[in-house]
Amino acid sequence: MPATPFTDPHLIANLYNSPARLVRRTRSLHAAKTRGADAAATITELAAQHTSHLQTVCDIGCGRGSTTLRLATGLRPTKLLALDQSPALLDVAVERCRAAGHAVTPICADFHTLPMPSGSIDLAVAAFCLYHSTRPEAAVAEIARCLAPAGRAVLVTKSADSYAELDELVAAADLDPDATTRPSLYQTFHAANAPTIVATSMTVIEVVEQRHEFRFDDLEAVSTYLATSPKYSVAEHLRSYNRITDELRRRLPNTPVLTTSTVSYIVAEAN
Ligand SMILES: C[S@@+](CC[C@H](N)C(=O)[O-])C[C@H]1O[C@@H](n2cnc3c(N)ncnc32)[C@H](O)[C@@H]1O
């Protein structure tokens with residue numbers, strides 16, 4: 001699989017070494033969203049439809065724990081594991097669950113070498129994280145290894161063309177003239193190739209695709225999102241959110257910006 005900025009191990013460690021960037025990115029997307037169900041709620045609904053008597057649930061690549069928390073409240077498993085390579089994000093996930101009255105066991109690990117015993121997990125979730133791997137099939141095989149005989153996995157990603165309209169905006173403003181030809185951040189594991197990758201070590205039971213639509217009210221709103229993206233090659237002095245706003249305003253009309261992304265949920269069981 002070809003590398004993208006999202007698969008560079010140093011960049012990944014940097015991107016997720018504190019919750020701040022992730023909070024800004026998620027908040028700006030949520031504020032702009034005009035269509036599309038909440039991902040954590042959809043994952044929990046799918047998991048509830050496809051499982052029963054959940055003992056051990058693991059949220060892989062849990063980040064700040066938004067999905068972990070939803071799994072805790074919606075499924076009430078006997079044991080909830082939250083796994084991530086970022087100690088800082090794990091701390092946030094554990095604290096958010098604890099504040100809501102749910103115990104969670106944090107596991108700081110790489111999803112290519114899961115530390116859980118084979119056959120020990122009833123439900124594994126990996127949402128918006130497997131595209132950080134140049135060999136997602138290896139991570140999927142590890143998840144399959146950890147699944148109990150009747151266990152299920154819910155693996156979630158986005159379409160490769162997600163937010164393509166923003167690439168056009170960045171190119172039109174000359175912030176990064178090559179923005180439209182840069183590889184998708186989701187290139188290694190996206191809505192179109194993910195079911196095939198999952199099928200290398202699991203049986204795909206269901207694929208649900210949901211189109212999400214976004215309307216950033218103005219160039220300032222879109223800049224808050226762009227400033228969190230590792231995708232573009234932007235001059236160092238233009239990297240801050242207000243510099244990007246200034247630059248966009250200098251070159252483009254300050255009108256709303258529309259964009260889309262398709263979110264793909266793959267439900268699978270071990271072969
Ligand atoms: C975009 S966040 C997704 C967070 C969460 N699943 C959600 O949906 O809100 C991606 C997460 O994957 C984690 N991650 C990336 N590569 C990883 C790896 N090799 N092993 C474990 N976690 C990884 C990052 O630290 C980050 O927390």
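C97 counts as buried, at 0% relative accessibility (buried means under 20% relative accessible area, exposed over 50% and partly exposed in between, using a 1.4 Å probe and protein chains only). This is a predicted model, in which local features need pLDDT of at least 70 and side-chain atom pairs count only at pLDDT 80 or more, while totals for chains, interfaces and linings use all residues. Residues are numbered from 1 along each chain as its sequence is written, and side-chain values use heavy atoms, with hydrogens and water left out. Here is a short tour, starting with the cysteines.

**Cysteines**
- The count of disulfides comes to 0, where a disulfide is a pair of cysteine sulfur atoms within 2.5 Å.
- For C97, the closest cysteine sulfur belongs to C62 and is 8.4 Å away, too far for a bond.
- C58 is also buried, at 0% relative accessibility, and its sulfur is 7.8 Å from the closest cysteine sulfur, in C146, again too far for a bond.

- The buried residues in α5 are L89, L90, A93 and C97.
- These residues cover an arc of only 105 degrees around the axis, so they sit on the same side of α5; the arc is that of the directions from the helix axis to the C-beta atoms.
- On the other side of α5, P87, D91, R98 and A99 are exposed.
- The cover over the buried residues of α5 includes α2 (19-32), α4 (66-75), β3 (79-84) and β4 (105-108).
- Just after α5 comes G101, with a positive phi of about 90 degrees.

**Around the ligand**
- There are 17 residues around the ligand, and G61, D84, Q85, F111 and A127 come nearest; a residue is near a molecule or strand if one of its heavy atoms lies within 4 Å of it.
- The side chain of D84 has an N or O atom 2.5 Å from an oxygen atom of the ligand.
- For the side chain of Q85, an N or O atom is 2.7 Å from a ligand oxygen atom.

**E247**
- Helix α10 (residues 241-251) contains E247, which is buried with a relative accessible area of 12%.
- Beyond its neighbours within four places in sequence, E247 is in contact (heavy atoms within 4.5 Å) with L175 and L238.

Technical notes. Helix = DSSP H or I, 4+ residues; strand = E, 2+ residues; numbered from the N terminus. Polar contact = N/O pair within 3.5 Å; in protein donor to acceptor, adjacent residues only side chain to side chain.
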